[in-house]
Amino acid sequence: MTLTSDSSVVGSARVKRGLADMLRGGVIMDVVNPEQAKVAEDAGAVAVMALERVPSDIRRDGGVARMSDPQMIQEIQATVTIPVMAKARIGHFAEAQILQALDVDYIDESEVLTPADEDNHIDKWGFTVPFVCGATNLGEALRRIGEGACLIRSKGEAGTGNVVEAVRHLRTINAQMRRLASADEAELYRLAKDLQAPLPLVLEVAQTGALPVPMFCAGGISTPADASLVMQLGAQAVFVGSGIFKSEDPDRMARAIVEAATHYQDASVVAKVSTGLGAAMRGFEMASLEQRLAERGW
Amino acid sequence: MVAAPIGVLALQGDVREHVAVLAGLGVEVVAVRTTQQLSDVAGLVIPGGESTTIARLLETSGMRNLLAERLRDGLPVLGTCAGLILLSQSIVDGRDDQWSFGTIEVDVRRNGFGRQIASFETTIQVDGVGAVPGVFIRAPKIESWSAKVSVLATHDHGTGPTPVLVRQDAAWGCSFHPELTDSSAIHELFLASV
């Protein structure tokens with residue numbers, strides 16, 4: 001937190017988490033150039049994630065995936081009025097410093113990029129810009145929050161067009177939160193140990209039954225029905241990566257997923273927007289993958 | 001005092017926080033996603049979120065025309081952040097195609113206080129109420145306003161006082177987020193006018 005000249009405060013937990021609150025009910029779309037960013041904003045995206053290659057291309061190309069070129073991020077910032085997010089490698093605090101200097105609105109410390117540190121994530125408390133991090137279970141989510149993440153997204157398996165891992169992660173996090181909420185107080189210390197999570201955060205979840213920050217969903221969402229599914233499972237917003245711009249008609253798919261994220265409880269609306277959409281991205285079976293991105297992060 | 005129910009426009013944004021504040025004040029609250037729900041409310045809160053997204057969803061849900069009509073008929077409304085943008089008469093430097101209801105004669109600049117790293121918390125002095133916490137997140141800035149607009153609070157962010165809470169007849173606009181704080185003072189002000 002920093003005090004400014006008129007005694008207002010920037011970078012507080014409330015303004016960092018507050019932006020995540022404002023994104024709820026929305027769709028954050030991966031875009032690789034200003035043209036795609038414009039399509040996303042026109043379709044009603046609440047934010048865009050600026051990156052050089054969508055996850056399915058990173059998966060196909062292999063090699064080391066890094067932070068995007070600042071010029072590309074700046075071109076996208078100049079094109080849209082909605083928040084612009086960008087990805088830094090896990091543990092690569094210098095990339096995060098650069099992204100903050102570029103005035104991005106949110107940093108995703110992301111397993112989609114090649115990790116830079118196999119022991120430590122970025123110490124996120126020292127930054128004014130807020131961070132979103134992925135999690136496959138409650139312990140991982142609380143460790144990230146302990147490091148200063150202001151938004152958690154279930155990881156899913158990025159770039160696959162297959163929602164099965166996102167569902168697994170959401171259900172796991174929900175089940176573990178229910179377990180904490182129903183536990184005897186004396187059990188919470190042991191449960192914190194099992195989760196490998198900071199005790200104060202475990203006690204908070206036990207009391208409130210929810211994460212202390214918003215929880216969104218990412219990884220494998222590629223149809224309006226997928227968005228409805230994960231929202232009904234408790235996700236408060238969705239990140240869609242390859243699912244839009246790898247589909248047959250990205251503009252229509254983007255609009256359809258935006259409507260599905262809002263009206264996820266109304267199957268007649270989801271049915272209407274799903275009708276005649278063209279092909280979704282092709283997708284992969286989990287068993288066919290050589291690299292599981294969700295296993296990155298610790 | 002309140003003709004129930006009060007709606008919270010629930011297309012996108014921090015709907016839950018507004019619902020919680022209103023429910024905490026003992027008001028019957030409806031999350032509004034359909035024209036039917038919109039027809040039944042005695043007052044409406046338009047929450048924070050992304051104004052471009054909410055505007056688009058107002059169109060696809062068929063609510064845009066009905067809401068415009070109800071606002072012209074004097075429906076009491078409180079817009080916070082994105083909600084203020086939607087109620088404004090014009091948007092400075094917005095997208096070419098971005099529309100607003102024109103309910104409050106103010107010109108607003110989206111993200112007028114800067115991008116996210118400039119988002120801030122401060123204390124706001126509200127006429128007749130006193131100090132309330134002000135949470136500004138990529139907040140819109142009111143750059144000009146007509147004589148019909150009452151300015152109830154201002155904030156000086158280094159460039160001179162700027163209105164941050166305004167009222168024109170039954171419509172209230174707020175560039176900060178009272179729903180993200182423990183204070184329900186702004187919601188109480190609004191409810192007293194419903």
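Student: Is the crossing of helix 8 of chain A and helix 9 of chain A right-handed or left-handed?
Tutor: That crossing is right-handed. A crossing is called left-handed if the near helix is turned anticlockwise from the far one by less than a right angle, and right-handed if clockwise. Helices here are DSSP runs of H or I with at least four residues, strands are runs of E with at least two, and both are numbered from the N terminus.
Student: Before we go on, where do these values come from?
Tutor: This is a predicted model: local features need pLDDT of at least 70, side-chain atom pairs count only at pLDDT 80 or more, and totals for chains, interfaces and linings use all residues. Residues are numbered from 1 along each chain as its sequence is written, chains are lettered from A and ligands numbered from 1 in the order in which they are written, and side-chain values use heavy atoms, with hydrogens and water left out.
Student: OK, back to the two helices. At roughly what angle do the axes of helix 8 and helix 9 of chain A cross?
Tutor: Roughly 115°, and the axes come within 9 Å. The axes are lines fitted to C-alpha atoms, for helices over the stretch in contact, with angles running from 0 to 180 degrees between N-to-C directions.
Student: And which residues meet there?
Tutor: From helix 8 of chain A, A:Leu188, A:Tyr189, A:Ala192 and A:Leu195; from helix 9 of chain A, A:Leu199, A:Val202, A:Leu203 and A:Ala206. Contact means heavy atoms within 4.5 Å.
Student: What's in the loop between helix 7 and helix 8 of chain A?
Tutor: A:Asp184 has its place there. A polar atom of its side chain lies 2.9 Å from the backbone nitrogen of A:Ala186. For a polar contact, two N or O atoms must be within 3.5 Å; within protein, one must be able to donate a hydrogen and the other to accept it, and residues adjacent in sequence count only if both atoms are side-chain atoms.
Student: Is A:Asp184 buried or partly exposed?
Tutor: Partly exposed, at 48% relative accessibility. Buried means under 20% relative accessible area, exposed over 50%, and partly exposed in between, using a 1.4 Å probe and protein chains only.
Student: New topic: how many residues of helix 6 of chain A are buried?
Tutor: Seven of its nine, so helix 6 of chain A is mostly covered. The buried ones include A:Glu140 and A:Arg144. Among the elements covering them are helix 1, strand 7 and strand 8 of chain A.
Student: What sits at the start of helix 6 of chain A?
Tutor: A side-chain oxygen of A:Asn137 reaches to within 3.1 Å of the backbone nitrogen of A:Gly139. After helix 6 of chain A comes A:Gly148, with a positive phi near 110°.
Student: And how many aromatic pairs are there over all chains?
Tutor: Seven, counting rings of Phe, Tyr and Trp (its six-membered ring) with centres within 6.5 Å; planes under 30 degrees apart are stacked, over 60 edge-to-face and the rest tilted. The rings of A:Phe127 and A:Phe131 are edge-to-face, because their planes are at 75°, with centres 5.1 Å apart. A:Phe131 is buried at 0% relative accessibility.
Student: Which residues do ring pairs link into a cluster in chain B?
Tutor: B:Phe113, B:Phe120, B:Phe136 and B:Phe176.
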